Amino acid sequence: MSRPLTLALTKGRILKETLPLLARAGIEPLEDVSASRKLVFETTLPGLQLVIIRGTDVPTYVRHGAADLGVVGKDILLEQGADGLYEPLDLNIARCRLMTAGPVGWQRGGARVRVATKFVNVARRHFARQGLHAEVIKLYGAMELAPMMDLADLIVDIVDTGNTLRANGMEPLEEIASISSRLVVNKAAMRAQHGPIQKVVDNIAAAVAAAEAA
């Protein structure tokens, strides 16, 4: 008997938007994930289990084969790279923008800029394309504080409504990428268990199409 397939899901907002989509695809956890401390859940689809982890860890689990499939934001894939992964589906959920932002009225003063972000690789590539040398300062939260405290000139961060930026005297400047959640698949697993994995992908694709048509 072959081992069950594992689908790694991202905690938080993405999980809340992923579960209804999976339900449309006939995949539901057998327990209430919000009321459980467990991390691994059996599902209504025989041979498929869910594991719920941090978004930044999803590509690592899938890349190394600990999970066969995963749901993760495109921002994480842009930052970490997609080696060893297929990206067969845009799930069209958890949509937002990855942007540069700065204090209202900020003007560039030269060829160097200080940037605070958790998206270090994305930021370096973006500013290099503009011919700017970016001193990138890695932070994990409260990015808006960095320009206020003169730690950085700009930030690179996820922007949804922009309300947090405005509340802190900042404004969005340039869109780097449009972000949504993606289904990713381990390349080796796709070859070894093509039939079962393709069935899951097809079911989720049908659910995405149905959600868009609703």
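**Exercise 1.** Which residues of helix H1 (residues 13–24) are buried?

The model is predicted: local features need pLDDT of at least 70, side-chain atom pairs count only at pLDDT 80 or more, and totals for chains, interfaces and linings use all residues. Numbering starts from 1 along each chain as its sequence is written, and side-chain values use heavy atoms, without hydrogens and water.

Step 1. Apply the cut-offs: buried is under 20% relative accessible area, exposed over 50%, partly exposed in between, with a 1.4 Å probe and protein chains only. Helices are DSSP runs of H or I with at least four residues, strands runs of E with at least two, numbered from the N terminus. In H1, Ile14, Leu15, Thr18, Leu21 and Leu22 are buried.

Step 2. These residues lie on the same side of H1, because their arc around the axis is only 130°. The arc is taken from the directions from the helix axis to the C-beta atoms.

Step 3. Their cover includes strands E1 (5–10), E3 (48–53), E4 (69–73) and E11 (181–186), and helix H8 (194–213); contact means heavy atoms within 4.5 Å.

**Exercise 2.** Identify the buried residues of H8 and what they pack against.

Step 1. Ile197, Val200, Val201, Ile204, Ala207 and Val208 are the buried residues of H8.

Step 2. They fall on the same side of H8, because they cover an arc of only 120° around the axis.

Step 3. Their packing partners are E1, H1, E4, strand E5 (85–90), E11 and helix H7 (187–192).

**Exercise 3.** State how exposed Leu145 is, and where Leu145 is found.

Step 1. Leu145 is found in helix H5 (residues 145–148).

Step 2. With a relative accessible area of 44%, Leu145 is partly exposed.
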